[in-house]
Amino acid sequence: MRIVLLGPPGAGKGTQAQLLSEDKGFERFSTGDILRRHISENTPLGSRVKDYLIKGELVPDDILLQLVRNFLKEKNLSPILFDGFPRTLTQAKGLDGLLEEEGHPLDLVIFLDLPETEIIRRLNSRRICKRCGANYNLITQPPKVSGRCDRCGGLLIKREDDNTKAIRERLRAYRERTSPLYEYYERRGILIKVSGMGSPLQVYKRIIRFL
Ligand code: AMP
């Protein structure tokens, strides 16, 4: 099974991807996590993409398409969850081409819907684990021990791009380049819209009804 999690930044894609992979065994292709890992490990790719992430701009399509090609070569037999990818029409068409080649087209696109005021509130209170990348929210999903990850004990930090300027740019990139994907997938009849309001578990229960 191949699923895309679509939605604005801060809608809860990462949290739901985490739950779906732990509970249902999906392999996650979480492009934000992959890119942040390259940056923290100082790889050549990390230095190429660092400025884009800090500013909240989209990384060029050719880089993302190369990443997905490599991922599919390794994981093409597993159920896959695409989280934060695709984010442009070029990426969506590239992904379709690759999945068609291997004979496993997309089954479902889950659009997580959240009003912009709630998005900004969530991004400002979001924390991630520096070690394993797990997501937290100081208001809706706090860790058991303040400042520490429940899963691995790593330090919780604010993402460098969760600041007012980068958030504005990420929302602009979303509106201009990612939101057209809603119609692209809706026309194919594979898109479902799920409210991202409420606790992670409430949202998760809405999602799994469709699996
Ligand atoms: P995320 O963790 O999904 O919010 O992604 C963080 C940042 O990584 C984005 O603001 C972009 O700079 C970059 N990024 C992640 N996924 C993509 C993508 N599919 N296309 C372009 N840039 C991406």
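Because the model is predicted, local features are reported at pLDDT of at least 70 and side-chain atom pairs at pLDDT 80 or more, whereas totals for chains, interfaces and linings use all residues. Residues are numbered from 1 along each chain as its sequence is written, and side-chain values use heavy atoms, with hydrogens and water left out.

Nitrogen atoms of the ligand take part in polar contacts, defined as pairs of N or O atoms within 3.5 Å: a polar side-chain atom of T31 lies at 2.7 Å, one of Q91 at 2.9 Å, and a polar backbone atom of G84 at 3.0 Å. Taken alone, the ligand exposes 480 Å², of which the protein buries 95% (accessible areas from the Shrake-Rupley method with a 1.4 Å probe). The ligand sits in the largest cavity, a cavity being a set of points, on a 1 Å grid over the protein atoms alone, where a 1.4 Å probe fits but cannot get out; a molecule sits there if more than half of its atoms lie within 2 Å of the grid points. Helices (H or I, at least four residues) and strands (E, at least two) are DSSP runs numbered from the N terminus.

Strand 5 (residues 126–129) is joined to strand 6 (residues 135–137) over three bridges and to strand 7 (residues 156–157) over two. Within these pairings, I128 stands opposite N135 in strand 6 and has I157 as its bridge partner in strand 7, while R126 is partnered by N137 of strand 6. The hairpin of strand 5 and strand 6 has five residues between the strands, and G133 takes a positive phi near 85° in this hairpin.

In a regular strand the side chains alternate between the two faces of the sheet. In strand 5, R126 and I128 point one way and R127 and C129 the other way, and all are buried (under 20% relative accessible area, with a 1.4 Å probe and protein chains only).

Technical notes:
Buried < 20%, exposed > 50% of the residue type's maximum accessible area, 1.4 Å probe, protein only. Pairing = 2+ DSSP bridges. Polar contact = N/O pair within 3.5 Å; in protein donor to acceptor, adjacent residues only side chain to side chain. 1 Å grid on protein atoms, 1.4 Å probe; cavity = no way out; pocket = protein on both sides within 12 Å on 5 of 7 lines; lining within 4 Å.
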